[in-house]
Amino acid sequence: MLSAECSDASSHTSSMMVDSTLTQVGKNLNEAMRILGDGQGELESGTRRQHFGSTGIPGPLQGDGQDVSTLLHLVHNLINDEDEDGEKPTLQLQNVGEQGHMALLGHSLAAYISVLDRERLRKLTTRILSDTTMWLCRLFRYENGSACFHDDDRDGLVKVCRLVINARYQEYASEGYAVLSSKQPIIYQSAACRPGLAQHLCTQLGLPLSSLCTVPCNTVFGSQHQMDVALLEKLIKEDKEAGKLPLLLIANAGTPGAGHTDKLGRLRDLCDQYSLWLHVEGVNLATLALGEVTSAIMAATRSDSMTLTPGQWLGLPAVTAVTLYRHEDPALSLAAGLTPSQPVEKLRALPLWLSLQYLGHSGVVQKFRHATSLSQQLLQKLKSVTSIKTSGVVSPIPPISGASLRDVLGSLMLSIVEDELKSPVVLFKFSQEMSAASHEGSVEGFCAGEKEVLDAFNRWLGEQLAQLVPTSGVDVVELEEEGTCVRFSPLVTAAVLGTQQEDVEDLVVKLMEVVPVMNSTLCLIQDFREQTHRHSPSLRYIEEHSWPGLGAVRYEPQADGMDEIRRKQELEKINTELLKKLQELDTDIIFSSGSEFGTEDDCIFVGMVTEDVDVCELVDTIAALGRDIVESGRLLENMTEVVRKGILEAELQLQKANEEKLIEEGMLRQLPLVGSVLNWFSPVQSSIKGRTFNLAAGSLDSTEVTYSTKAQAGKQSLQDAPTSSSKRLPGQRLFQRSGPGSDSISETSSIGQADDTAMERSVPERSSVQPPISPTALETPSDTASDVTTEKIQGSCEQVPSQVEAEEATKERQPEGQEVKQSSR
């Protein structure tokens with residue numbers, strides 16, 4: 001009696017200890033999620049950040065231990081640590097809901113349960129494994145199946161291959177790989193399978209790559225991503241005749257790229273005929289849990305094995321993949337590793353066991369139904385968007401004429417194909433054919449590199465949509481036949497990102513905003529090319545099909561007598577400065593160096609444009625800016641030499657003018673006293689002969705025309721050069737054409753807003769764009785310019801007045817007796 005009471009007390013005490021430990025595990029998990037999730041539990045952030053540090057160099061282990069809160073703050077700081085460039089990382093964390101918390105709790109409980117005594121651990125893990133296996137088999141309609149839980153989603157297929165090898169080679173367990181030499185095993189896979197899967201199999205199994213056989217997809221009728229069943233049968237027969245052993249076939253229920261499903265029913269019959277093991281994988285297997293399942297997907301339930309990823313489909317973090325299989329020999333399953341030999345290995349199913357119970361059968365089905373409804377919603381919306389082609393378009397059936405029976409058969413055939421292609425994965429792309437039909441602009445001549453250009457446009461489209469609507473989960477996929485497409489796979493991303501119907505609506509809205517820009521850019525590419533050729537050879541069009549935009553150009557000035565190295569340096573300098581000036585313009589057009597897109601160096605890439613962009617004005621502006629940069633560079637390089645030569649020429653002409661003046665006035669007028677008396681009685685009427693020095697031309701010209709007309713005729717300065725005749729209205733962007741009715745508006749507003757329109761004048765077409773240092777005119781008077789030294793002009797060439805009038809020079813003239821000495825210096 002006493003022993004029974006002691007036993008009950010001990011059991012009660014043990015139960016209380018277990019309950020308190022489980023409660024503490026749950027509390028620690030909630031605290032960890034709070035700190036790591038939002039970081040609001042961070043205390044004394046400044047001190048802790050200094051204490052933890054952000055350096056990547058590992059430090060020594062501290063002597064004193066850290067508490068749980070401090071360690072969680074350390075992990076939080078490491079997650080949000082700055083990059084090497086000093087920028088904060090943009091984290092897109094998974095949407096961890098309540099079911100995600102259950103999965104995380106399962107990982108913690110698995111570690112706790114592993115310390116139980118062996119007998120209790122065996123009973124508990126067996127119950128967890130059997131429950132999870134039964135639920136998954138019922139959920140995905142896979143009767144009489146067993147389950148293998150593995151972290152790497154490829155490991156299940158590796159273990160299945162070991163099982164098949166053990167089953168087909170009777171002496172494999174005793175003789176090992178030596179038995180494979182008699183009949184080489186062959187593994188068949190579709191060309192649309194995920195890359196690297198079969199190679200991983202050969203590496204893990206120790207098989208040569210010759211054991212792999214890739215079956216091409218059907219390119220005649222139906223989907224372009226379905227395995228060619230007829231060709232597969234032919235390959236199997238050839239391998240059997242060659243003394244090889246067809247072992248296993250990997251089929252797809254949702255290809256990694258397009259999401260299409262192989263003809264699983266026909267493949268099942270073929271595998272039965274030639275004794276092949278049929279393994280199926282793909283995202284479309286999730287639809288087996290729905291009430292209505294297509295016949296193509298339902299055929300997957302007849303396969304010998306299938307790999308599922310419920311953690312990804314349900315948004316469960318760090319949940320293992322599951323391979324369901326059917327086999328009657330448990331010894332072979334144990335030898336292949338499909339059946340865990342240690343009780344601790346069975347605890348891999350614990351997070352999924354908790355999550356499935358939390359969601360329930362209805363909750364799991366609801367998540368899958370929500371994801372498929374998002375796909376249908378987007379597919380219906382895309383049908384109304386022009387210039388967008390979806391993956392729902394099947395291969396065209398030849399037109400049927402004649403008896404109505406053929407019409408009926410054609411409709412039946414079309415419905416069968418549509419049923420096979422029905423997939424929760426939506427692919428769409430920008431279509432050139434539809435864009436050409438919906439615009440007046442012609443795209444003739446846009447055939448060279450057409451596919452590459454469209455791929456670049458669709459790649460840009462996918463990146464823009466992913467950036468504008470990140471919760472949609474769209475990404476870019478490269479397909480062999482369709483090229484670059486945008487993929488929407490909510491079964492993979494919706495549970496993780498929390499995608500809702502509002503996100504799909506937002507995605508369609510953003511798509512309708514971006515597509516017109518792509519259409520207009522595509523129609524203006526040929527015009528941009530022609531306008532660039534008009535400025536040849538200074539402006540060169542670069543054929544770069546991988547750039548998603550209007551095109552690429554390079555400004556190439558004349559480089560006579562310049563070596564190759566110097567020429568490349570000048571090209572880099574000029575185009576870098578030109579790109580900088582273009583980026584400073586008030587326009588919506590994006591100019592980029594595009595170094596990550598093309599192989600050509602020193603290019604300027606022009607981005608997407610709208611249909612109201614004046615391409616002629618755009619190209620003229622690029623050419624004018626490049627020309628002014630070249631002229632400014634030449635001016636700066638030749639400034640010192642031009643000024644020095646001009647000063648020497650000015651000194652010679654001034655000396656000659658002084659000699660002529662001496663001869664004209666006579667020797668007596670040069671004497672101090674006699675000259676004053678003679679000038680008093682007989683003033684000398686001497687003509688003024690001023691000189692003007694043009695820095696741009698490097699010439700010394702006469703100012704006679706200037707003083708006779710009081711204007712510099714025929715020598716306009718660069719500041720007064722005529723600008724572009726096009727004027728922008730208030731709010732009108734650069735390179736933007738004026739809309740209808742803009743002429744009348746500009747006429748009525750030209751009187752009252754003359755100053756405003758002058759300030760908003762567009763960039764000039766020719767050389768009216770101001771260089772960094774404008775060439776100015778330096779006028780040298782005939783009497784005083786000889787005092788100016790070369791060093792002074794070189795040091796203050798930017799401060800030299802544009803014109804020094806000869807009249808002002810005569811007012812400040814030195815006494816006549818000193819002029820002769822100055823001219824003779």
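**Helices, strands and their packing**

Reply: The chain has 28 helices and 18 strands. The model is a predicted one. Of its 825 residues, 43% count as buried.

Me: Among contacts between residues at least 6 apart in sequence, what percentage join residues at least 24 apart?

Reply: The contacts considered here are those in the chain between residues at least 6 apart in sequence. Within that set, the share that joins residues at least 24 apart is 75%.

Me: In what order do the strands of the open four-stranded sheet lie?

Reply: The edge strands are β8 (388–390) and β10 (475–479), each of which pairs on one side only. The pairing is antiparallel, and neighbouring strands are turned by 40° against each other on average, direction ignored. The order of the sheet is β8-β9-β11-β10.

Me: Which residue of β9 is the bridge partner of Lys389?

Reply: Strand β9 covers residues 426–430 and pairs with β8 in the antiparallel sense over three bridges. In β9, Thr390 has Phe428 as its bridge partner. For Lys389, the partner in β9 is Lys429.

Me: Which residue of β11 stands opposite Val426?

Reply: β9 also pairs with β11, again in the antiparallel sense and over three bridges. Strand β11 spans 483–488. The residue of β11 opposite Val426 is Phe488.

Me: Is β9 largely enclosed by the rest of the structure or largely open?

Reply: A residue counts as buried under 20% relative accessible area. Val426, Phe428 and Phe430 point one way from β9, Leu427 and Lys429 point the other way, and all are buried. Because five of the five residues of β9 are buried, the strand is largely enclosed by the rest of the structure.

Me: At about what angle to β11 does helix α17 run?

Reply: Helix α17 comprises residues 450–468 and lies across β8, β9, β10 and β11. Its angle to β11 is about 20°.

Me: What is the relative orientation of α14 and α19?

Reply: Helix α14 (residues 350–382) and helix α19 (residues 501–534) have their axes 10 Å apart and pack at an angle of about 25°. Angles under 35 degrees count as roughly parallel. The orientation of α14 to α19 is therefore roughly parallel.

Me: How do the residues of the contact of α14 with α19 divide into nonpolar, polar and charged?

Reply: The crossing of these two helices, α14 and α19, is right-handed. On the α14 side, the contact is made by Leu374, Gln377, Leu378, Lys381 and Leu382, and α19 contributes Gln501, Val504, Glu505, Leu507, Val508 and Leu511. The division for α14 with α19 is seven nonpolar, two polar and two charged.

Me: How are α6 and α8 oriented to each other?

Reply: Helix α6 (residues 155–168) packs on helix α8 (residues 197–205) at an angle of about 55°, with axes 10 Å apart. α6 and α8 are therefore, relative to each other, oblique.

Me: How do the residues of the contact of α6 with α8 divide into nonpolar, polar and charged?

Reply: α6 passes α8 in a right-handed crossing. From α6, Asp155, Leu157, Val158, Cys161, Arg162 and Ile165 take part, facing Leu197, His200, Leu201, Gln204 and Leu205 of α8 in the contact. The division for α6 with α8 is seven nonpolar, two polar and two charged.

Terms used:
Residues are numbered from 1 along each chain as its sequence is written. This is a predicted model: local features need pLDDT of at least 70, side-chain atom pairs count only at pLDDT 80 or more; totals for chains, interfaces and linings use all residues. Side-chain values use heavy atoms; hydrogens and water are left out. Axes are lines fitted to C-alpha atoms, for helices over the stretch in contact, and angles run from 0 to 180 degrees between N-to-C directions. Angles under 35 degrees count as roughly parallel, over 145 as roughly antiparallel, 65 to 115 as roughly perpendicular and the rest as oblique. A crossing is left-handed if the near helix is turned anticlockwise from the far one by less than a right angle, and right-handed if clockwise. Contact means heavy atoms within 4.5 Å. Ala, Val, Leu, Ile, Met, Phe, Trp, Tyr, Cys and Pro count as nonpolar, Asp, Glu, Lys and Arg as charged, and the others, Gly among them, as polar. Two strands pair if DSSP finds at least two bridges between them. Buried means under 20% relative accessible area, exposed over 50%, partly exposed in between (1.4 Å probe, protein chains only).
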